[in-house]
Amino acid sequence: MSKYRKDILIALLCFCFIIVLNFLLPRMLPGNPIAYLTGFSEEDMTVKQIEYYREALHLSDSLPKQFLYYLKSLLDGSLGYSFKKEDTVRNLIFKRLGYTVEITLSGVFFTSLLALFMGLRAGTKKEEKLDKILTPATIVLNTIPTFLIGIILILFLSFRLKLFPYANLNSPGIQKGTFLYFRNRIHHLVLPVLTLVLAQFPSRYLLVRNLAADIADEKYILYARTRGLSNRAIRYHYILPNISSPFINMVGMSVGTALGGTLVIENLFSINGMGTLLSEAVYSLDYPLIQGILFVTTAFMTLSIIISDGLCLLLDPRQRKREK
């Protein structure tokens, strides 16, 4: 089996494992599964309500039949039902998903661009001033948790310098669809996206820098230098094509980790996205909603990995040759 097919198979197996785990976990926990599947404690329910939920959740049926009902809720797109919020999990998630995607994709885009540009530059100019300053700085930055980076940015850029707002994605009273609304949204996005970029940048930069540094010592690069080619030409015509596959894979993997970081950032900046929805679900013990959010984030991660592997196969002729 080819490597690409193996990678797709592994990603899909992991995704299926999450689906099975989502189904089994509430039913394996000690106590009444109705409490875990509805979010209501047994003390808060009457006998009649317990009977109603048992029938609604098909708990009287066999486990394989319950699993088929669960799969049906995934296939029809409802993702289950939140009895706490009295709506389908799909509706609750997709009302908030757009805000999360805005921050996540913006963060991944700017992080990848910066990491590629700065990593290539530092990797081809080892031991020079840029590398000596930036590499240790990113190692230190990599140890700082995302929420602390966000707090520091809020303290300095919002409270002290008053450059950016520290909460929500738009100011109240601005009409949607106008240029003023768009500009205001960009202004509000700066701090959340900057927090995500600073949190994700170190690991991405160090990967690109180390890959570029290793290739810069190869004989064909030294030969290119003796021919008088500029650093820019060597960087983008010789080194970049050789690190494109691991870089694209890194970007694909970073979508999942950035999504996790975004959930933290949303709570910090009071953004009404999936992060706040997850917090509400955890505090109210809304297990169907927690499971739905886990399902959607896992689906995004699996899809991004499959797409990045496919892009690597399309862009790198050496991989296509190995796949045959």
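This is a short tour of a predicted model, going from the whole chain to single residues.

**The whole chain**

Taken along the principal axes, the C-alpha atoms fill a box of roughly 85 × 55 × 40 Å. The chain has 324 residues, and 43% of them count as buried. Now consider contacts between residues with a separation of 6 or more: 70% of these in the protein chain are made by residues 24 or more positions apart.

**Helix α1 and Asn22**

Select residues 3–28, which form helix α1, and find Asn22 in this helix. Is Asn22 buried or exposed? Asn22 has a relative accessible area of 6%, and the limit for buried is under 20%, so this residue is buried. Next, show what surrounds the residue. Not counting residues up to four places away in sequence, Asn22 touches Tyr70, Gln291, Leu294 and Phe295.

**The two cysteines**

A disulfide is a covalent bond between the sulfur atoms of two cysteines. For a pair to count here, the two sulfur atoms must lie within 2.5 Å. By this rule the count comes to 0 disulfides. Cys14 is in no disulfide, and the nearest cysteine sulfur to it, that of Cys16, is 9.3 Å away. Cys16 is likewise in no disulfide, its nearest cysteine sulfur being that of Cys14, at 9.3 Å. How accessible is Cys14? Its relative accessibility is 45%, so Cys14 counts as partly exposed. Cys16 has a relative accessible area of 41% and is also partly exposed.

**Helix α4 and Pro64**

Move to residues 63–75, helix α4, and pick out Pro64. With 58% relative accessibility, Pro64 counts as exposed. Pro64 and Glu266 are 202 residues apart along the chain, and their C-alpha atoms are separated by 38 Å.

**Helices α7 and α8**

Select residues 146–160 for helix α7 and residues 179–216 for helix α8. At what angle do their axes cross? The axes come within 9 Å and cross at roughly 135°. That angle makes α7 oblique to α8. The crossing in which α7 passes α8 is right-handed.

Now show the side chains where the two helices meet. From α7, select Thr146, Ile149, Gly150, Leu153, Leu157 and Ser158; they meet Leu191, Leu194, Thr195, Leu198 and Ala199 of α8. Which kinds of residue form this contact of α7 with α8? There are 7 nonpolar residues, 4 polar and no charged.

**Val197**

Stay on helix α8 and select Val197. Its relative accessibility is 7%, so Val197 counts as buried. Which residues are in contact with Val197, leaving aside its neighbours within four places in sequence? They are Gly107, Phe110, Thr111 and Leu114.

Val197 and Pro246 lie 49 residues apart along the chain, and the distance between their C-alpha atoms is 19 Å.

How values were computed: Residues numbered from 1 in each chain as written. Predicted model: local features only at pLDDT ≥ 70, side-chain atom pairs only at ≥ 80, totals over all residues. Heavy atoms only, no water. Buried < 20%, exposed > 50% of the residue type's maximum accessible area, 1.4 Å probe, protein only. Axes fitted to C-alpha atoms, helices over the stretch in contact; angles between N-to-C directions. Helix = DSSP H or I, 4+ residues; strand = E, 2+ residues; numbered from the N terminus. Parallel < 35°, antiparallel > 145°, perpendicular 65-115°, else oblique. Left-handed = near helix turned anticlockwise from the far one by under 90°. Contact = heavy atoms within 4.5 Å. Nonpolar A, V, L, I, M, F, W, Y, C, P; charged D, E, K, R; others polar.
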